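Hi,

Here is the structure I promised to pass on.

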Amino acid sequence: MMLHWIINPGLAVNELLLGQRVPKVTLEDKISDKPRIERSFVPCPHCNTYHDGRTWSIHNGTAFKNWFGLYCPNCGQIIPCLTNATSFIILILTYPVWGWFKSSLKENWLKKQPDRYRELSYESLPKPYQGKNWIKSGLLWGLFMLISMTLIFLLFEGKAITLGTILIGIPLWTIGGLGFGYFMKKYSMKRNASH
Ligand SMILES: [Zn+2]
């Protein structure tokens, strides 16, 4: 999962535009018999709090806009995150543009964070990969990737999109999306073998 986050160029869109982030360290409860998504924890290296992995989720409205990292609602500091390789290149190339505003942007962003974490809930979360939901989630992901990869391709190659790229892209990302959905179903719903 971590390697995928770093090498998939399309995820630069998630990271830079949407502000979706993946922490550098995620811990897994090896004793609980719950699905993996319910037994993952993110430690804060500043205050040593073990946060439920679902603290930063679509359900809580905190899955996106985390441009500066994952905010720790306990101590107000930032939990270190991975950086996608394509994002990294884009950030370096555009540094002269945003470098000037970095501190003020971060300050404004930090001010807004406490409000976002006032009411966190882990109950009755929608399960995007449970049952047959993985098909819809996977296809949506494939569509998102098709659009993102086209954007990234345009940015780096500077070429116009041809009918050919779309005709190859659609079946490719339909299969890719279904594969991703199925993997996520297996991954996020995985229980410990001992139970
Ligand atoms: Zn903390």
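Let me start at the surface: L17, L18, I58 and F64 make up a nonpolar patch there, and together they have about 390 Å² of accessible area. A patch here takes residues with over 30% relative accessible area and no salt bridge, joining like charges within 9 Å and nonpolar side chains (Val, Leu, Ile, Met, Phe, Trp, Tyr) within 5 Å. The areas are Shrake-Rupley values with a 1.4 Å probe, and for residues only the protein chains shown count as cover. L17 sits in helix α2, residues 11-18, and is exposed at 59% relative accessibility. By "exposed" I mean over 50% relative accessible area, by "buried" under 20%, and by "partly exposed" anything in between (1.4 Å probe, protein chains only). Helices (H or I, at least four residues) and strands (E, at least two) are DSSP runs, numbered from the N terminus.

Before you go further, keep in mind that this is a predicted model, in which local features need pLDDT of at least 70 and side-chain atom pairs count only at pLDDT 80 or more, while totals for chains, interfaces and linings use all residues. Residues are numbered from 1 along each chain as its sequence is written, and side-chain values use heavy atoms, with hydrogens and water left out.

Now the sheet. It is open, has three strands in the order β1-β2-β3, and the pairing is antiparallel. The edges are β1 (27-28) and β3 (50-52), each of which pairs on one side only. Two strands count as paired if DSSP finds at least two bridges between them. β1 and β2 run antiparallel and are joined by two bridges; E28 has S40 in β2 as its bridge partner.

- E28 with K30: the closest N and O atoms are 3.9 Å apart. E28 is partly exposed at 29%, whereas K30 is exposed at 60%.
- D52 with R54: the closest N and O atoms are 2.8 Å apart. D52 is buried at 14% relative accessible area, and R54 is buried at 13%.
- D115 with R118: the side chains meet at 2.8 Å, N to O. D115 is exposed at 55%, and R118 is exposed at 60%.

Salt bridges with shared partners also join E28, K30, R36 and R39 into one network.

A disulfide is a covalent bond between the sulfur atoms of two cysteines. I counted a pair of cysteine sulfur atoms within 2.5 Å as one, and a search of the whole structure turns up zero. Is C81 buried or exposed? C81 is buried, at 9% relative accessibility. C75, on the other hand, is partly exposed, with 30% relative accessible area.

Finally, two loop residues. T62 lies in the loop between β3 and β4 (70-71) and is buried, at 0% relative accessibility. Which residues does T62 touch, leaving out those up to four places away in sequence? They are T55, W56, S57, R116 and Y117, with contact meaning heavy atoms within 4.5 Å. E119 is in the loop between α5 (102-116) and α6 (133-157), and E119 is exposed, with a relative accessible area of 73%. From E119 to P171 there are 52 residues in sequence and 41 Å in space, C-alpha to C-alpha.

Cheers

Key
Salt bridge = Lys/Arg side-chain N within 4 Å of Asp/Glu carboxyl O.
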